[in-house]
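Please open the structure in a viewer and keep the selection tool at hand.

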Amino acid sequence: MASPLIHRLPRELVHNLGRYAGIFLLIAVSIGFVSGFLVAASSIERMIGAMPATYHVEDGQFTTAFEASSEALAAVEGLGVDVEENFSHDEELRWTPPEGAGPHAVDAGTVRVFKNRSTFNQAVYAEGAAPARVDEIALDRVFCAHAGLSVGDTVEVAGTAFTLSGICTLADYSALFESNGDFVFNALTFSIAQVTPEAFEALSGAPTYTYAYFDDREMTDAEAADLLEDIAQTLADHDTAVLSLTTAEANNAISYAGDDVQGDQLMWKVMLFLLMAIMAFVFVVLTGANIEAESAIIGTLLASGYRKRELVLHYLALPALVGVAAAVAGNAAGYGWLSAPMRDLYYNSYSLPPYEPVFNPEVFLLTTVAPVVLLVGITLVGLLRKLRCTPLEFLRHETTRRSRRRGVALPERWPFAVRFRLRVFLCSFSNYVTLFLGLAFASLLLVFGLCLMPVIEHYAENLQSDLVAEHQYVLKAPVEIDVDGEARAAQAAAETLATTDPAELEAMDPTVLAELMADAARVDGDAEVVANSELNSAAVIDQAEKFAATTLETPRALGDANEEVTVYGIAEGSRYWKKLDVSGDRMVAGRGLVEKCGIALGEPRIFEDILDDVDYELVVDGVYGSASNMSLYMSLATFNRLFGHDAAYFNGYVSDEALALDDLYVVSDLTPGSMEKIVDQMRNSMGSMTSLLTILAAIVYVVLIYLLTKTVIDRNARSISYLKVFGYRPGEVNRLYLRSITTTVVVSVIACLPVVVAFIALLVKVVFMEYAGNFEVVIPPVQLALTAVVGIVCYGAVALVHMARIRRVPLALALKVQE
Amino acid sequence: MAFLEVRGVRKSYGEGDARTEVLKGLTTHLDAGAFAVLLGPSGSGKSTFLNLIGGLERADGGSVVVDGDDITALSSREVGEYRRRQLGFVFQFYNLVPDLTVRENIEVCAHLSKSPLPLDDLLRSLGLWDQRRKFPRQISGGQQQRCAIGRALVKNPRLLLCDEPTGALDYQTSLEILDLMERVNRDFGTTIIVVTHNDAIARMATRVLRLHDGLLVEDAVNEAPQAAVTLEW
């Protein structure tokens, strides 16, 4: 026979609807948001992981100055890889923005046109189909979404009209990086395209000769880098000029989206950890309150012969049922309608194949099993702990240490009201401690949500402040700008010969060709420094400064991952890196690097060259720059000695004036403008995510304050009724009870903020540890004030509603039922 | 052998200077079917004595043997089983479950017994038939106490322990409750111990025990118990 106590469950649910609705909301909203995100992110991550096999994505690529000979390609294939032509044309793209797009709508950009692919780096069509006619084109899905283009629209490529036959995603362009050296992808003015082979051939000019290579062997990063070097060497051996080469791993167009998705999951997992801690706290408080409230009933049932196990099951039933129902609802919401906006966070930025949510056991465990087990487990532990009391202790309401404690003697000369209020405060002290902790937890969540964007913006500001010049050029090789006209001409001739199709050279005027060859012959092929083929004024040359840079890695202070460190060799007494003393062999680390990796000044530290598998033991002597500066500085001479370069070696310029440099040798040009782009991209890609986190935090904050406030007021409800019976006026009751609760809430909300800020600093450090760079906690005072105001307003609303409810209860009834 | 044998039971609370000896070696016995009233002023040890018999507290010394079982020697689990099988409790403040109806409150203890009393008959005999679907807050104090007695009786206990069962009730309602207990004692043969500070109630008992300062100062057999409804105070 089922216990008759089962009849209580629906009534208890209705009677304490607010409490159970709060628990339900807390769990369901948390699970909904977190599972929605994690399901979307893990599905996308899994999909990205499967893309190489599903769509036969390349393992790397190289681009040659002109079409590689079949011998050169055969030699590369001799290294154990398959090579496929993946030629493209970068052309001007024009389109008509949709109606209502406004006068400033973008209507032109660049399109990288490929032939229809069928065997590798395959296309996935979101709409329409692959071009079948010579005047048809397929464009990237994300680009089309931004440009407002649909199947059937007409676009112009290099002046020729094409009809959009399909909207697709290319497996090797999940992020639209126009160049691998770009700091951000660009889905606004850059797209990839597919056309028929006939349409491709009809495009004028030489294509970009890119070759994709495929390798079935499992490789480490170092082995993949070795293979790349071997390919470069093989091509050089066959007189093939290589313009660029990269592994798929280092190709942002292929790997960036996956890295991004992976990094974001950590932020949500931390959020989940916070939510779990808060849930655990709430469950402890509510279980304790429930048992205290039902103390006499529990005592009676135990005295009547009920076993503890039976009572444990009874008191566990409702929280467990509510927890399971909330988990089901949260998951339904997460998998159902919340995973779509979460998915769109990525699908609005990245070109990915059609989304398919995949059940992920880890996500299910984290978002569903864990919270329910937590709820049931904590309630169970609370019940078992409380049920250690004897039936008599329950009957006497002596279930807490506080209730067993003798009262504190208060001087009788104190006014009654003071003593009463103090007595109320002392009796409710543990409630107030609970309230303080709960408010601290809630504030922690909300402040965390609110501070994410400021932290990112502060990081961006730091990055900008660390820029020392208007231009920071990184070069593939040392290019000397301070050269005479003869050297410039010789270099230009050599480059023309190297990058012009042999067929074109053969067709050239023999006199011109002879002059070119004569000029080129003056270039010293063995020289480490190349002469710049472009002209710069003396003034511009004077203010430019050489530097060298390379990348090493060193372990982070937390976790087992390494941080990438840019190592700079700069001029001693540099006019750009002001107040940075690198004289002698002095080494100075960026403040961010020191903080994130826990570098101790004056002590040896290992920096690792992952690709060459070499370790460098360096001693950092000083700190420089902002908290986001992740660089290591030394003099150019020290740099060249350390890395085995000639004394004249360098691979970059810092300059406040734009330099005319040979494009062939420029890897990147970092300017305040490009930094602004990075910042915008960070804001764009993390903005919607932080907004969602903030919404979740705000909901949980309000629910939590409701639950805690209600619990504390509930505990005092009977005493309040008694006072009214004695003839106290509502105002007097409020002064005696509500004022102390209100004071506690206000003081708690404000007093917990310093603790919250300190904890957030630690939390942010952990959250962003996985991201490259060092993020410093910045919490604008206005956010803290907002948190306090939301908390106090929320408490005020709950207190008003609850006090009104207590007032409505007839006094006779309040006194009649003693339980 | 007596149904209840209490031998040299001692109980004290607190430590050091604050130590108070509440029961100072109390010895008595009761036969099955007795209706005993335990009298005494506040602080005399009445409730503590009742709690020791009910296994709610442990004695510091002595023994309490109920129907052959020394409950002072039982483990906590065994004491729990003893309460489940043998005991019914009635408290001054009813301790009903507020969100269960009158019938369900009684069912709560029917559930514990393999041979509970017929519920409907019990409700009728308690005069609660018309109130069976009401919640505690919807009935009077007397009806709540009758419900509490019904809850204690439904599992047909051999021993009913009542701690100030009329303490919160008016005269007329108290008489109704005492009359009910008298019928229970007579009809079911239940041994009943009632703790009270109301001397008048002693007149309906078959046995009168009086405690003062932890000592049993009176242990008398009432050869002519008075009907409950005729009591006056």
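Select helix α3 (residues 70–77) of chain A together with helix α6 (residues 221–237) of chain A; in this predicted model, their axes come within 9 Å and cross at roughly 150°. An angle over 145 degrees counts as roughly antiparallel, and α3(A) is therefore roughly antiparallel to α6(A). The crossing of the two helices is right-handed.

Next, display the side chains where these helices meet. On α3(A), the contact is made by A72(A), A75(A) and V76(A), and on α6(A) by I231(A), T234(A) and L235(A). By class, five of these residues are nonpolar, one is polar and none is charged.

Now select L445(A), V447(A), V700(A), L704(A) and I705(A). These residues have the most contacts inside the largest nonpolar core, which has 136 residues. Helix α2 (residues 17–54) of chain A supplies the largest share of this core, 18 residues. Apart from this core lies another, of 86 residues, which includes F49(B), I71(B), F91(B) and I177(B).

Return to L445(A) and show what surrounds it. Beyond its neighbours within four places in sequence, L445(A) is in contact with L274(A), I278(A), A697(A), V700(A) and Y701(A).

Finally, turn to the contact between the chains, to which chain A and chain B each give 26 residues. On the side of chain B that touches chain A, select α2 (76–86), β6 (87–90) and α3 (102–110) of chain B, each of which supplies at least two residues. The largest share, four residues, comes from α3(B). This side of chain B has 14 nonpolar, five polar and seven charged residues.

Technical notes. Residues are numbered from 1 along each chain as its sequence is written. Chains are lettered from A and ligands numbered from 1 in the order in which they are written. This is a predicted model: local features need pLDDT of at least 70, side-chain atom pairs count only at pLDDT 80 or more; totals for chains, interfaces and linings use all residues. A nonpolar core is a set of buried Ala, Val, Leu, Ile, Met, Phe, Trp, Tyr and Cys residues joined through C-beta atoms within 7 Å. A residue is buried if 20 or more other C-beta atoms lie within 10 Å of its own, exposed if 12 or fewer, and partly exposed in between; C-beta atoms are placed from the backbone. Two residues are in contact if their C-beta atoms, placed from the backbone, lie within 7 Å. Ala, Val, Leu, Ile, Met, Phe, Trp, Tyr, Cys and Pro count as nonpolar, Asp, Glu, Lys and Arg as charged, and the others, Gly among them, as polar. Axes are lines fitted to C-alpha atoms, for helices over the stretch in contact, and angles run from 0 to 180 degrees between N-to-C directions. Angles under 35 degrees count as roughly parallel, over 145 as roughly antiparallel, 65 to 115 as roughly perpendicular and the rest as oblique. A crossing is left-handed if the near helix is turned anticlockwise from the far one by less than a right angle, and right-handed if clockwise.
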